[in-house]
Amino acid sequence: MAKNLKIVLAYDGTDFAGWQVQPNRPTIQQTLASAIERVTGERVLPQGSGRTDAGVHALGQVASFSTQSPIPPRNLVVALNDIFPPAIRVLSVEEVPDGFHARHSAKSKLYRYRIWRGGICPPDVARYVYHHPYPLNEDAMQQAATVVVGEHDFTSFAAVDPEKGEGETSNVRTIKLSKFERRGEELIYEVEGNGFLHHMVRNLVGAFLLVGKASLRPEDIPPILKARDRSAAGHTAPASGLWLVSVRY
């Protein structure tokens, strides 16, 4: 009898070409599918809560898949971790109702972007942060971050998504949390919303960095949103600093 399973993963995305399967490139989805096949003998394509980009990390990515395997979920955790490279860990596996889908059932996602502000970035964190030791007005960045809270059309902060379906036309998303916080040498941006567009978090951080450098002002963010034009919002922040923290259902 088929079971629907929810799996929570953490991974260092540095050496992967993102979540989604790609020809001749290592991805998290393909690595997970291959491990499941080795353990259960079944070919499945686990569906993730979202497609993290190349080089992006996760503390709580969620995937779901159906299996006929009688292996208990707790045993799958051990078996899959025995197969995975050290950069990927299964945190939990649980049986969920048939209607559960990692992406479609998600209510919100929390992302974190880590900026290392110190002059020297230690090698133990270098893969997981964006090193930016140059002057920034962090108070202005916090002011700008609060502007995007609420429901907005985020077209100006969305890269073209080649995988976007024809029926997926709206770029309106609702952001419930958007803030910067200092933690020692790190300036951390956290954002939670009901959905995110392709490169949206990295594009938001790119714009906030321009505010920190005084190339933009906090009051420039609303006109950028209204422009619905990607060229209005500036550069994309590097993937290394971005983490998918958790998914809420």
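**Aromatic pairs and a buried arginine**

Trp243 is buried, with a relative accessible area of 10% (buried means under 20%, with a 1.4 Å probe and protein chains only). This is a predicted model, in which local features need pLDDT of at least 70, side-chain atom pairs count only at pLDDT 80 or more, and totals for chains, interfaces and linings use all residues. Residues are numbered from 1 along each chain as its sequence is written, and side-chain values use heavy atoms, leaving out hydrogens and water.

Searching the whole structure gives seven aromatic pairs; rings of Phe, Tyr and Trp (its six-membered ring) pair if their centres lie within 6.5 Å, and planes under 30 degrees apart count as stacked, over 60 as edge-to-face and the rest as tilted. One of them joins Tyr128 and Trp243: the ring centres are 5.6 Å apart and the planes stand at 50 degrees, so the pair is tilted. Because Tyr128 sits in the loop between strand S5 (108-116) and strand S6 (130-131) and Trp243 in strand S10 (residues 242-248), this pair ties together parts that are 115 residues apart in sequence. Strands here are DSSP runs of E with at least two residues, helices are runs of H or I with at least four, and both are numbered from the N terminus.

For Tyr189 and Phe208, the centres are 5.4 Å apart with planes at 65 degrees, so that pair is edge-to-face. Both Tyr189 and Phe208 are buried, and together with Phe180 they form one aromatic cluster.

Now look at Arg117, in the loop between S5 and S6. Arg117 is also buried, at 11% relative accessible area.

Technical notes
Buried < 20%, exposed > 50% of the residue type's maximum accessible area, 1.4 Å probe, protein only.
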